[in-house]
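Please look through the sequence and the structure shown here before reading on. The text below then goes through some of its parts.

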Amino acid sequence: YCKSLSIKVFISSRPDREILKVFPQNSSSHSLFHLHNIEDHLVQADIRRYMDERFRSISQKLGQRFITESNVQTLVSRAGRLFVYASAVCSYIDCDYLDQAQDRIHLLSNTDISIDDGTSDKPYAVLDHLYMQILDTAHSSSSQDISDVLQVLVASFTPLQVKTIATLLGFKTFRVMNSLRAISSVVTDHSETTTVTIFHTS
C-alpha cells in the first residue's frame with residue numbers, strides 16, 4: 001500500500017455480508033455512503049434525467065415524440081427511489097413500432113396502482129407489478145417457449161448460456177433467443193455465447 005498516493009476508489013454494491021466483512025462500519029480507511037440516505041428529491045431528479053434521455057433516444061428511433069409530460073411524471077413518481085424500475089420501464093417501452101410503444105405507455109400510465117404500494121413493508125411492490133405486466137404482455141404475444149425459458153432461468157443456480165438453455169429444453173437456439181427478446185426488459189443483455197440472468201433479484 002502507498003499511503004502517500006492520493007487516489008480515491010469508488011465502489012458500489014449491495015450490503016452483502018462479504019462486502020461488509022471487507023469494509024466494516026467503523027474504519028478510518030474508507031467511508032460508507034448509503035443510497036437510502038439521499039434526499040428523495042435528488043433521487044427523483046436523477047431518475048427524471050435518466051428517463052428523459054432514454055425517451056428522447058426512443059423517440060428519435062421511432063421518428064416522433066410518443067410520450068406526454070404527464071406520462072413521464074407518472075412513471076417517475078412510481079419509480080420512487082428504484083432506478084431498476086425506471087430502467088425496466090424504458091426497456092419495456094423501447095419497441096420497434098410506434099403503435100406498440102404508445103400501447104405500452106398507455107398500459108403503464110393508466111394502471112390503477114398506488115405509489116404508496118412501495119412501502120417499507122413491500123418496497124418492491126410497484127416493481128413486482130411492472131414485471132407482471134411485462135410478462136403478461138410477453139405471454140399474450142408469444143408461445144409456451146417464454147414460460148419454459150423463464151422456468152429454466154429461475155431454477156438455475158448459476159447463469160446459463162443460451163446454447164445451454166436450448167440443450168436443456170431441447171430447443172433450437174433461435175427459439176430461446178426469440179423468447180429472451182420478448183422479455184428483454186427483465187433479463188440481462190444476451191447473445192448466443194453470453195450467460196443470461198434475471199435482471200433484478202426481486
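Predicted model: local features only at pLDDT ≥ 70, side-chain atom pairs only at ≥ 80, totals over all residues.

Residues are numbered from 1 along each chain as its sequence is written, and side-chain values use heavy atoms, with hydrogens and water left out.

The largest nonpolar core has 48 residues, of which M51, F55, F66, L75, Y85, V89 and I93 touch the most other members. A nonpolar core is a set of buried Ala, Val, Leu, Ile, Met, Phe, Trp, Tyr and Cys residues joined through side-chain atoms within 4.5 Å; buried means under 20% relative accessible area with a 1.4 Å probe, protein chains only. Helix 4 (83-93) is among the elements that give two or more residues to this core, and its eight residues are the largest share. Helices are DSSP runs (H or I, at least four residues), numbered from the N terminus.

Helix 7 (residues 144-155) and helix 9 (residues 173-182) have axes that come within 9 Å and cross at roughly 85°. Helix 7 is therefore roughly perpendicular to helix 9 (angles of 65 to 115 degrees). The axes are lines fitted to C-alpha atoms over the stretch in contact, and angles run from 0 to 180 degrees between N-to-C directions. D145, I146, V149 and L153 in helix 7 meet R175, V176, S179, L180 and A182 in helix 9.

D145 counts as buried because its relative accessibility is 13%. Beyond its neighbours within four places in sequence, D145 is in contact (heavy atoms within 4.5 Å) with F171, R175 and S179.

Key. Parallel < 35°, antiparallel > 145°, perpendicular 65-115°, else oblique. Buried < 20%, exposed > 50% of the residue type's maximum accessible area, 1.4 Å probe, protein only.
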